[in-house]
Amino acid sequence: MTGHTPPAEEADVIVVGAGPAGSTTAFYLAQAGLDVLLLEKSHFPREKVCGDGLTPRAVKALVGMGVDVSEENGWVRNKGLRVIGSGKRMEVPWPELSSYPGYGLVRTRADFDETLARRAEKAGARLLEGQTVTGPVLDDRTDRIKGVVVAGGHGGASPHGGEERRFVARTVIAADGNSSRLSVSMGLRKRDDRPLGVAVRTYYKSPRHDDDYLESWLDLWDGDRLLPGYGWIFGMGDGTSNVGLGLLNTSAAFGHTDYHAMLRKWLAGMPAEWGFTEENRTEPIRGAALPMGFNRTPHYYRGLLLAGDAGGMVNPFNGEGIAYAMESGEILARTVIQALSRSRAAQTERVLASYPQALRNEYGAYYALGRQFVKLIGRPGLMHFATKHSMNRPKLMGFALKLLANLTDPRDGDASDRLINGLTRLVPNPK
């Protein structure tokens, strides 16, 4: 029949986006027995711009999901962070803590994201790939989201050919990344009072691929000219190195920089034997935004819950997003599980509405401290001074690593743990 709209397909929860946040959320929801629909616009394996380095915080989240992170299963372990700045270098091991493992990992995002998505699928989530969500389905009476519309065609899994599909659920979650089309369609836009970063990266065939430290460059040089931002080199263990750089919007150069040219200028000063040359480049240079410090709020709005980059969960101190995407996904899943167990709609709503506060309790003060840090390092002179006077102080660098990577024991930690935990308690935690 012409103009016939297929009936909406139903689930308990719809999760839009099968990145680390969405897949982690779907995993825990499905484990609890909920009917979860996980919608991904691409097909796995698919690429994402990332440094591919995982801190112990991310490792803990992976282990919590039962992921096999052994080297036999393709994961490359690292001992800590090698810091290079002011003409000096220092290797800072990951701290030994009861709260986190003492090692990090490296894995390409193509492999990593698919691993988590398949883990969610194995737990019982219904993963549909090639599904482009074009907008919300709203309740006519309350104007709250109750589902999503998915574009037809595009070679997706739709049995309806080129027709739109409609999915409805008791709860809808946006885990669709920094741009979060679903959030924007609901009227949630990014906050201008939160930091934003830009990262570019590519891969090179290099003898440095087998490195047991993640490497961070605190100052980037083009000859005798100091470039804005920071750089990294992460050995992938497969004959290539992930090489990239990042820049914060607190830098005067933000938005006025050719990032591809900046990467090439920085690498031009590297030793020739490292192989970071155009003929050894194996992938295009790609860039992405880093949404930091809760740069889209509220995290619960008209029935929609935000996780990961959609809610700006990236750590302002170090640009790490994966650990916080996974952790926020778990916090969100626990909230939804409890909410949907309530017998009355008002009770369910009360539990769902507690999610933003749960995030603030977990990250709010730390991110507020991070936002102040970002303002300071946006001043090149101050950043250069701090680098110069900390590179020959191992204890100070060990403290900085704990602070920047958010790695402390909350109780029974050492003096540095107590100092960092105390600092975060002193910082106001605004909404």
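A: In this predicted model, a search of the whole structure finds 28 salt bridges.

Q: What makes the pair of Glu215 and Arg82 a salt bridge?
A: The closest N and O atoms of Glu215 and Arg82 are 2.8 Å apart, and because a salt bridge requires a side-chain nitrogen of Lys or Arg within 4 Å of a carboxyl oxygen of Asp or Glu, the pair qualifies. The two partners come from distant parts of the chain, with Glu215 in strand 13 (residues 213–217) and Arg82 in strand 5 (residues 80–85), 133 residues apart.

Q: Why is Glu215 called buried, and why does Arg82 get that label?
A: Buried means under 20% relative accessible area; Glu215 has a relative accessibility of 0% and therefore counts as buried, and Arg82, with a relative accessible area of 5%, is buried too.

Q: Why is Glu278 called partly exposed, and what of Arg264?
A: The label partly exposed is for values between the buried limit of 20% and the exposed limit of 50%; Glu278, at 40% relative accessibility, therefore counts as partly exposed, and Arg264, with a relative accessible area of 37%, is partly exposed as well.

Q: What makes Lys402 and Asp414 a salt bridge, and is each partner buried or partly exposed?
A: The side chains of Lys402 and Asp414 meet at 3.1 Å, N to O, so the pair falls within the 4 Å limit. Lys402 lies in helix 10 (residues 394–405) and Asp414 in the loop between helix 10 and helix 11 (415–426), so parts that are 12 residues apart in sequence are tied together. Lys402 is buried because its relative accessible area is 7%, under 20%, whereas Asp414 is partly exposed because its value is 38%. Elsewhere, salt bridges that share partners join Arg82, Glu91, Arg208, Asp211 and Glu215 into one network.

Q: Why is Asp35 called partly exposed, and which residues does Asp35 touch?
A: Asp35 is found in the loop between helix 1 (20–31) and strand 2 (36–40), and because its relative accessibility is 31%, between 20% and 50%, Asp35 counts as partly exposed. Not counting residues up to four places away in sequence, Asp35 touches Glu10, Ala11, Asp12, Val13 and Arg126.

Q: What is noted about the phi of Asp143 and of Ser180?
A: Most residues other than glycine have a negative phi. Asp143 has a positive phi of about 65° although it is not a glycine, and the phi of Ser180 is near 35°, again a positive value in a residue other than glycine. Asp143 is partly exposed because its relative accessible area is 40%, whereas Ser180 is buried because its relative accessible area is 0%.

Key
Residues are numbered from 1 along each chain as its sequence is written. This is a predicted model: local features need pLDDT of at least 70, side-chain atom pairs count only at pLDDT 80 or more; totals for chains, interfaces and linings use all residues. Side-chain values use heavy atoms; hydrogens and water are left out. Helices (H or I, at least four residues) and strands (E, at least two) are DSSP runs, numbered from the N terminus. Buried means under 20% relative accessible area, exposed over 50%, partly exposed in between (1.4 Å probe, protein chains only). Contact means heavy atoms within 4.5 Å.
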